[in-house]
Amino acid sequence: MLSPTLFPLFCALFLCLPVAVIFTVQRELTGVVASPEFGFRSLSVFSLYSRNDPPPPPPQPFRITPLIPKDDKSLLRMASRVNPNHPSGLTRKVAFLYITTTPLPFAPLWEIFFNGSSSKDLYNVYIHADPTRDYDPGFSGVFANRVIHSKRSERYTPTLAAAARRLLAHALLDDPQNYMFALFSPSCVPIRSFDFTYKTLVLSRKSFIEILKDEPWQFERWAARGEDAMLPEVKLEDFRIGSQFWALTRRHARLVARDRRIWEKFNKTCVREDTCYPEENYFPTLVNMRDPRGRVPATLTHVDWTVNDGGHPRMYEAEEVVPELIVRLRKSRPRYGEDGINGSDWSVSKRSDPFLFARKFSPEALGPLLGMAKGVLFNDSARCA
């Protein structure tokens, strides 16, 4: 039995034991530093950080990419639920979307284009590659591992438009920072630097999509699935024609993912193949019907339709690809409807948006394009006599 005189001392030691243990652990974790006053740095028993150390960094935000469905119905349903607004305070990214049935012939040129960006966090790349085709050589560099779950895609059917919808939905789900979504074919090439292109796209609050009214063959295109097939959802006066290559804002990308009624009409098999171009009709019709004020009715991808070869525009061959051609394409201005007014509102009739891309280029044109990449193609101040 403890002596009465020793009992208070024993209690004091017992009560001090937890403090001594914490003090010892803290010393092991933080170390001992000399102090003019006490010979060591005084430590708080309530913190593992000293007064002079910087505070711990705040928890870093993290993003969990959802498991992206492979079937279109689930994919589009999930994409239709994303936030249509870009997250405040975060970097705006451009999603570059490629639809192809072949290896990308201008991949080396695009590689130089992307390498000219000030940061790899300004863009994302997505490829829709028809799985029934061969891709040799395969996708590498910035295009490596960027192929989404793809399906067959061919002209004169809704499959090309379905592929674009698939790309939009995938990009919406993959990264909430994707702000602008630009679509390309294998024959498209950039004709401006990455920084110029990026700023032009992310500073816009509107989509760039060609929307034309009263174009030749408008009735035939509208009636390609049958004279009454588009009714009552899409009347002839609502039907629009435009380039299949556009740049859509996040809000319009989600609009496409959410749409069911208009797509059901365009997703029908055509009875007239020669006037069946859903990829050139669905997107301009939908955007014009649902949000006509939220778009600039012109594409930023230059194409020369003065030559029409079986529904294909002019193809630039290798011998034509000279600096003067690039400068001429840049000086051209997007068409806001026939003669500048047809199908467009007057508020955009005097716009001077720059072309950022051009098509169609022959695969053999890669050499000349690479030769002028640094001095002309991605030199925004380049001029020729």
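This is a predicted model: local features need pLDDT of at least 70, side-chain atom pairs count only at pLDDT 80 or more; totals for chains, interfaces and linings use all residues.
Start at helix 3, residues 107-115. Ala107, Leu109, Trp110, Phe113 and Phe114 are buried there. They sit on the same side of helix 3, because they cover an arc of only 155° around the axis. The spacing follows a general rule. An α-helix has 3.6 residues a turn, so residues three or four places apart point the same way.

Next, the backbone. Two cis peptide bonds deserve a look. One runs from Asp136 to Pro137, with omega near 10°. Pro137 belongs to the loop between strand 2 (123-129) and helix 4 (159-174). Another cis bond joins Arg359 and Lys360, where omega is about -5°. Lys360 is placed in the loop between strand 9 (357-358) and helix 11 (366-371).

Positive phi values come next. Asp214 is a residue other than glycine, yet its phi is near 60°. It is found in the loop between strand 5 (207-208) and helix 6 (218-222). Trp217 is not a glycine either, and has a positive phi of about 70°. Trp217 also lies in the loop between strand 5 and helix 6. Is Asp214 buried or exposed? Asp214 is exposed, with a relative accessible area of 54%. Trp217 counts as exposed too, at 54% relative accessibility.

Now the charges. Side chains of opposite charge can pair when their charged atoms come close. The model has a count of 12 salt bridges. In one of them, Lys93 pairs with Asp175, and the closest N and O atoms are 2.8 Å apart. Lys93 lies in strand 1 (residues 93-100) and Asp175 in the loop between helix 4 and strand 3 (178-184), so this pair ties together parts that are 82 residues apart in sequence. Both Lys93 and Asp175 are buried.

Other pairs involve partly exposed residues. Glu154 bridges to Arg152, with the closest N and O atoms 2.3 Å apart. Glu154 is partly exposed at 35% relative accessibility, and Arg152 is partly exposed at 41%. Arg314 forms a salt bridge with Glu320, at 2.4 Å between the closest N and O atoms. Relative accessible area is 23% for Arg314 and 27% for Glu320. Elsewhere, salt bridges that share partners join Asp72, Lys151 and Arg166 into one network.

Last, the surface. Lys73, Arg77, Arg81, Arg258 and Arg260 form a positive patch. Of these, Arg258 lies in helix 7 (residues 250-258). Arg258 is partly exposed, with a relative accessible area of 48%.

Notes:
Residues are numbered from 1 along each chain as its sequence is written. Side-chain values use heavy atoms; hydrogens and water are left out. Buried means under 20% relative accessible area, exposed over 50%, partly exposed in between (1.4 Å probe, protein chains only). Helices (H or I, at least four residues) and strands (E, at least two) are DSSP runs, numbered from the N terminus. The arc is that of the directions from the helix axis to the C-beta atoms. Patches are made of residues with over 30% relative accessible area and no salt bridge: like charges are joined within 9 Å, nonpolar side chains (Val, Leu, Ile, Met, Phe, Trp, Tyr) within 5 Å. Accessible areas come from the Shrake-Rupley method with a 1.4 Å probe; for residues, only the protein chains shown count as cover. A salt bridge is a side-chain nitrogen of Lys or Arg within 4 Å of a carboxyl oxygen of Asp or Glu. Lys and Arg count as positive and Asp and Glu as negative; His and the chain ends are not counted. The place of a charge is taken as NZ of Lys, CZ of Arg, CG of Asp or CD of Glu.
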